[in-house]
Structure formats: C-alpha cells, structure tokens
Amino acid sequence: MKLSRSVKRFTVLEVSIIISQDQIDEIIQRERPRRIGLQAPDGLINQVLNIANDISKRYGVETIILLDTTWGTCDINNLDARRLGLDLIINIGHSLRTQKIGSYTYLVSAEYDVDFRNVLEKTATLLKKKGIKNVGVVTISNHKSQIDTCISYLNQLGFYTEKGIAEGPLFDGQVFGCNFYSARNISDKVDAFLFLGQSRFHALGVCLSTRKMTFMVDPFFNEVVDITEEAKLFERKAILSIYKAKDASSFGVIMSLKEGQFFRNQALEVKEELERLGRSVQLFSLREIRSDRLKILKGIDAFIETACPRIALDHEDFDKPMLSYQQAMGLIRLLKGQDIGDVFNYPFWV
Ligand code: SF4
C-alpha cells in the first residue's frame, strides 16, 4: 500500500499505523507557523509526542499538544487556537475530502497498514452462500486509501460493487457514526453493505440507516460479521429508552460546546415541542457529556442531547434516560399520540 514518500510508522496494539510525514512537512513548509497545536485520538496521543518532538527539532517551532479527546472531525479546536496563540492545528487521525477544516485545523491521515485480501475472500464465500451479488462498500478514514483496492478485489471475486457516494466534505465511501449519506446514496443499487474495518459502531449505523443487510469486514481478526441481528437489538434498546423517557415531566436538553457537535437549533426545537406538550425543560451546555457530570443535577427526570447521537445510543451508564435528537423526535411523536416512527432511517442522525 503506497501512501506517500515519507511516512511515520507506529505499532499500536500490534497494528501498524502509517502517518504521512510528507503531509505534515508540506503543511509546515507552506504555512511557516511559529506555534503549532497537535491533536489526535487517544490511541495515537503517544505517537503525537514523538511527532511534536520531531517538529520542534527540525523546524524550531513550538508545539502544544491539545490533550482533550478528539473523537472525529466534529471534535476540533478552531475556536481555541487564537487564545493559545497557535498559527495552526494539525489533527492526526481523521481525514475528509478536504485537508483543512475551519480557519486553523489541518487534517493528517493515519491509516492502518493491514491487508484485506484474506478477509475479502472469506466475505466472498459467505456472500455467495447467501446469494448476494451486489454490494455497497463503505469505510472510515483510517482505510481511506484501501477502499479502491478492496473494490477491485471484490470485482475480481465476481461481485458487482458500488462505492459509497458522499455528500459535503466526506470522501466517497466514507461514513461517520452519525453520517450515512455515502451508504444511502447507493442503497437502491445494492443488496447488502460491506463496512471495511473493525468498528461495530459504524457498521450498525450503516445497517440501521439503510435498512440493508450489513457485514463488518474486519481485517484485524480476519472475520466477517453479519451485523443485522445486532442492529435489531440496538434499535430495540434505543426504542426502550424513548418509552422510559415518556413518563418524565422535567427534561434537561443538552447542547454540546464541541465545534462540530453544536446543534443549538435542534436543542431549541426539542425544548419548544416538549414545552408545548406540557413538560418543563432546562437547557444546558456541556463539552463532554458524561454521567458523572449529570449526576450532580437534581429534579431532572430525563435528558436529551443534541451533540453526538452515539452518546445517547452507545452509553448505558446514565442514571436517567438519555435520548439523542432523533430519539427525542420519536418521543415527541409518541407524546402527540402518533406512531413513534423510525428514528434511524436518516442520512444524518442529528
Ligand atoms: S458519530 Fe459522534 S464522534 Fe462521530 S462524527 Fe458523528 S458526532 Fe462526531
């Protein structure tokens, strides 16, 4: 797999990760910053220490590592750059179609160096047994440069393939845990989806957003997992949370302060609707929405967060019902005496 001439290779939990040194050099040489912010997902943060050291030595530039979590390109710090005196921020580990996001943040990809051939052969055997011939292929940014090779190999193995078609800044084939345009835009043409990578979180989302059979194609464990049944269970839990919130008389509606998770209009919409239905609502803002922070509040029966939908959907450690925006819309329909409707059949879950 060729990424670029100069790369940094790190091994994290026995998996090689390739970070493009060329990309970092090119940004620094072009922008000539005096002070750089660096950030990465937790799994890469120690590699970022090496990179910061290297940048300081080679370019004589001061670096600040932004140690807060960065879960995705939604979780960036353009608004903090000025007060930290940063000329730019290099975010390592997330990528999009575009390299720059906002006024300060440059995305540098980190890709797994892993071979998909064995697991694609396994996938082919399974799909043939199930009589599936047309497949849609999607992935995450850490396999960005492998998607086309995988598609060619699937074609050689006798499948008709469609690469996802993205919207906005995402590259074709890319999905987020809340953004499934890539899959939905080709859904009519395929019988099933292959999610390339080891993330149940993303594969479940593809399945629920498209309502198509979805397989997680995991090259690390060399296994192909039909995620469809798991998705049904996930959906049942999400619906159960809505019913638990139905009896609440007071709601906390939480807006995130994270730059790409700031959805104030949705929060105000939910507040207005619930108040019209006779519920009391207090608005909150919070950067990291965690159960320990909410535990200090008394007198709130249920919460709705309009930040990352996966906070409500994937975390079970909240003491009170916690709903995402789309779950809240289902609750509002229910409170109006309507059918709860489909809370997942959307390209974007906020
Ligand atoms: S699923 Fe959450 S963390 Fe991922 S891109 Fe969406 S808002 Fe960000």
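**Domains, strands and a ligand shell**

Biologist: How many residues of domain 1 are in contact with domain 3?

Modeller: On the domain 1 side there are 9 residues in contact with 5 residues of domain 3, where contact means heavy atoms within 4.5 Å. This is a predicted model, in which local features need pLDDT of at least 70 and side-chain atom pairs count only at pLDDT 80 or more, while totals for chains, interfaces and linings use all residues. Residues are numbered from 1 along each chain as its sequence is written, and side-chain values use heavy atoms, with hydrogens and water left out.

Biologist: Where does each domain run in the chain?

Modeller: The assignment gives domain 1 as 7-112, domain 2 as 117-226 and domain 3 as 234-335, with bounds that come from an automatic or database domain assignment. The C-alpha centres of domain 1 and domain 3 are 33 Å apart.

Biologist: And the ligand, which residues are around it?

Modeller: Around the ligand are Trp71, Cys74, Phe176, Gly177, Cys178, Gln261, Cys308 and Arg310, each with a heavy atom within 4 Å of it. This shell divides into 5 nonpolar residues, 2 polar and 1 charged; here Ala, Val, Leu, Ile, Met, Phe, Trp, Tyr, Cys and Pro count as nonpolar, Asp, Glu, Lys and Arg as charged, and the others, Gly among them, as polar.

Biologist: Why does the ligand lie between domain 2 and domain 3?

Modeller: Because domain 2 and domain 3 both give residues to the shell around the ligand, the ligand lies between them.

Biologist: Changing topic, what joins S9 to S10?

Modeller: Strand S9 (residues 134-139) and strand S10 (residues 160-163) run parallel and are joined by 4 bridges. Strands count as paired if DSSP finds at least two bridges between them, and the helices (H or I, at least four residues) and strands (E, at least two) are DSSP runs numbered from the N terminus. Valine 135 has threonine 161 in S10 as its bridge partner. From S9 the chain passes through helix H5 (residues 147-156) to S10, in a β-α-β crossover that is right-handed, so that, with the strands pointing away from the viewer, the path from the first strand over the helix to the second runs clockwise.

Biologist: Which order do the strands take in the open sheet of 4 strands?

Modeller: The order is S15-S14-S16-S17, with parallel pairing. Strand S15 (280-286) and strand S17 (322-323) are the edge strands, each pairing on one side only. Strand S14 (residues 250-256) pairs with S15 in the parallel sense over 7 bridges, and methionine 255 stands opposite serine 285 in S15.

Biologist: Back to S7, which way do its residues point?

Modeller: In strand S7 (residues 105-108), Thr105 and Leu107 point one way and Tyr106 and Val108 the other way, and all are buried, that is, under 20% relative accessible area, with exposed meaning over 50% and partly exposed in between (1.4 Å probe, protein chains only). In a regular strand the side chains alternate between the two faces of the sheet. S7 runs parallel to strand S5 (residues 88-92), to which 4 bridges join it, and antiparallel to strand S6 (residues 100-101), to which 2 bridges join it. Tyrosine 106 is the bridge partner of isoleucine 90, and lysine 100 stands opposite tyrosine 106 as well. The hairpin of S6 and S7 has 3 residues between the strands, and glycine 102 there takes a positive phi near 75 degrees.

Biologist: What about helix H7, how many of its 11 residues are buried?

Modeller: Helix H7 (residues 200-210) is mostly covered, with 9 of its 11 residues buried. What covers these buried residues includes S9, helix H6 (181-184), strand S11 (192-196), strand S12 (213-218), helix H8 (228-245) and helix H11 (309-314). Glycine 205 is found in H7 and counts as buried at 0% relative accessibility. Leaving aside neighbours within four places in sequence, glycine 205 is in contact with Phe180, Arg310 and Trp349, and Arg310 is also one of the residues around the ligand.

Biologist: And just after H7, what phi does arginine 211 take?

Modeller: Arginine 211 takes a positive phi of about 60 degrees, and its place is in the loop between H7 and S12. Most residues other than glycine have a negative phi. Arginine 211 is partly exposed, with a relative accessible area of 37%. Asparagine 222, in the loop between S12 and strand S13 (223-226), has a positive phi of about 50 degrees although it is not a glycine, and counts as partly exposed at 28% relative accessibility.
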